[in-house]
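Please look at the following structure and read along with the description below it.

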Amino acid sequence: MVLVDQTRLPDLREWCPIDKAGRVVACDRDRCVVQQRDEDRWRMSDEKPSLSSDVMLRRLRADDAANFKAIRLEALQASPELLGSTFEFDNELDVTWFAGRLEESHVLGAFRAGVLAGTAGFSVQHGPKNAHKGRVWGMYVQSRARRLGIGRLLVSALLDVARARLEIVQLTVVTTNQPARRLYDSLGFVEFGMEPKASKLGDHYYDEAHMMLDFGRKPDAF
């Protein structure tokens, strides 16, 4: 069961996300309850998932900054090639910097048993000519919480936020990160370019695929 707490989403009071792998079974002013079926979780992953505990999604705010920094550093240690920053750089940043980032962007957290287990961020691009576009960033789910569909729930929830105000959502993903690429593809993102040597870690270069989801695009338009 997935609980989506709306008390931290003041601009989206009526928002009740429905994931393709779930069905809304209750919705009120404060939260939505989405019941996932075991067979749907099976289709989301390459392996049979373990039994899932309850997951709550909510927007992270400034008072979540310490937990957000901690999971960000964990991600940078676990998969440094998949994120744009480095552990050393982010570790030097003060918690207040992360608090500001949470207030400037729309970052969702997935909680299991009250513990932050995954995050995904979304921000509107800067400038009047880019204000119709947004970007997904910082998607990460802890290894012990994977194969439960949490990544799909996080990105789907962000897309519901974006759909109400934007035309296009973009993201970049390291080309070797096949699970993430399959997830984005299944949600309707299409690849529109590839940047060779987009990032460098030590002596190794990583290519990045540029993907987009156009809410006004008809299926198979690409």
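This is a predicted model: local features need pLDDT of at least 70, side-chain atom pairs count only at pLDDT 80 or more; totals for chains, interfaces and linings use all residues.

Residues are numbered from 1 along each chain as its sequence is written, and side-chain values use heavy atoms, with hydrogens and water left out.

H6 spans residues 178-186, and its buried residues are Ala-180, Arg-181, Leu-183 and Tyr-184 (buried means under 20% relative accessible area, exposed over 50%, partly exposed in between, with a 1.4 Å probe and protein chains only). These four lie on the same side of H6 because they cover an arc of only 160° around the axis, taken from the directions from the helix axis to the C-beta atoms. The face turned away from this buried side carries the exposed residues Pro-179 and Asp-185. The cover over the buried residues of H6 includes helix H5 (150-163) and strand S8 (168-174).

Tyr-184 also belongs to the largest nonpolar core, of 31 residues, where Ile-150, Leu-154, Tyr-184 and Phe-189 touch the most other members. Such a core is a set of buried Ala, Val, Leu, Ile, Met, Phe, Trp, Tyr and Cys residues joined through side-chain atoms within 4.5 Å. H5 gives the most to this core, with eight residues. Apart from it lies another core, of 16 residues, among them Leu-76 and Phe-98.

Conventions
Helices (H or I, at least four residues) and strands (E, at least two) are DSSP runs, numbered from the N terminus. Contact means heavy atoms within 4.5 Å.
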